[in-house]
Amino acid sequence: MFSPTVVGSARAPPRSALVWLSPASRKRKRAAVASFAKWAVRHNLLAANPMDRIDTVKVPKRLPRPAAAADVAKVLAVICSRRPRKDLPLDRLRDRVLFETAYVCGARASEVCGLYVEDLDLRLDDEHVRVHGKGGSVRTVLLDDRGYVTLLKLYLYRAGYSAGPLFRASINGRGGPLSYDAAHHRWQTYCAQAGVEIDIHQLRHAHATELINAGVSIEAVRRRLGHASTETTQLYALLDDKIADAEIRAARRRRDHASN
């Protein structure tokens with residue numbers, strides 16, 4: 001048997017270790033312990049939930065970091081053009097359509113990886129996709145980019161898919177849905193080839209910011225992104241203010257430089 005002293009000194013982290021965790025990490029750990037304690041109370045293993053006496057962890061809100069449209073275009077171009085060669089490997093065409101779907105729909109990469117052919121409605125001039133989001137929510141997103149829709153239809157024709165996962169793991173089309181980890185790895189590879197640093201989630205931020213800058217209402221953007229409340233979507237409006245402030249400062253610097 002191990003003595004308590006040895007086990008404690010060898011395995012237990014110092015009490016100050018939690019200080020180095022980010023608020024988001026502490027919040028996740030607290031939620032996990034609270035969930036376990038709630039389960040224990042329900043099964044009469046605890047008389048009360050001790051986590052009820054512990055304050056929740058507040059996570060400071062951070063502005064999203066959208067990718068520049070020019071940088072996104074560079075990465076997509078590295079994969080293939082919107083008019084791909086006939087001999088382009090299917091997995092390469094799949095990747096272009098997958099990542100452009102995330103970009104033009106403002107969808108999470110995990111949501112895009114989970115799409116099925118049955119989620120598409122490609123009736124002419126009314127193309128939509130049904131996106132399955134967090135908590136079992138489902139939203140319908142308009143596919144309003146004609147070039148993208150043409151590329152999507154080409155991909156479906158080349159792949160020969162009429163049902164099942166839209167983006168499949170194997171080149172021969174017999175595998176299951178492409179995993180998020182595989183998609184993330186492939187995206188990072190293409191970014192390296194393009195000489196651009198963009199996290200895959202920034203595609204969603206870029207789309208939302210472009211909509212806000214174009215004057216689309218907060219509520220419309222919220223519905224498109226699948227946010228539970230407008231509070232989250234408001235962050236993109238704040239980001240828009242940041243961009244405006246940056247432009248104003250740049251204009252002032254040019255004015256001051258000219259006057260000197």
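Residues are numbered from 1 along each chain as its sequence is written, and side-chain values use heavy atoms, with hydrogens and water left out. Because this is a predicted model, local features need pLDDT of at least 70 and side-chain atom pairs count only at pLDDT 80 or more, while totals for chains, interfaces and linings use all residues.

**Exercise 1. State how many helices and strands the protein chain has, and in what pattern they follow.**

Solution. Begin with the definition: helices (H or I, at least four residues) and strands (E, at least two) are DSSP runs, numbered from the N terminus. By this definition the protein chain has 10 helices and 3 strands. Next, read along the sequence, where the pattern is α-α-α-α-α-β-β-β-α-α-α-α-α.

**Exercise 2. Decide whether H3 is roughly parallel or antiparallel to H4.**

Solution. First take the geometry: the two helices pack at an angle of about 160 degrees, with their axes 9 Å apart; here axes are lines fitted to C-alpha atoms, for helices over the stretch in contact, and angles run from 0 to 180 degrees between N-to-C directions. Then apply the cut-offs, under which angles under 35 degrees count as roughly parallel, over 145 as roughly antiparallel, 65 to 115 as roughly perpendicular and the rest as oblique. H3 is therefore roughly antiparallel to H4. Finally, look at the residues that meet (contact means heavy atoms within 4.5 Å): H3 contributes residues including Val72 and Leu76, and H4 residues including Phe99 and Tyr103.

**Exercise 3. Determine whether valine 129 is buried or exposed, and describe its surroundings.**

Solution. Valine 129 lies in strand S2, and with a relative accessible area of 3% it is buried. Leaving aside neighbours within four places in sequence, valine 129 is in contact with residues including Cys105, Leu115 and Val141. The C-alpha atoms of valine 129 and cysteine 105 are separated by 8.9 Å, although these residues are 24 residues apart along the chain.

Definitions and conventions:
Buried means under 20% relative accessible area, exposed over 50%, partly exposed in between (1.4 Å probe, protein chains only).
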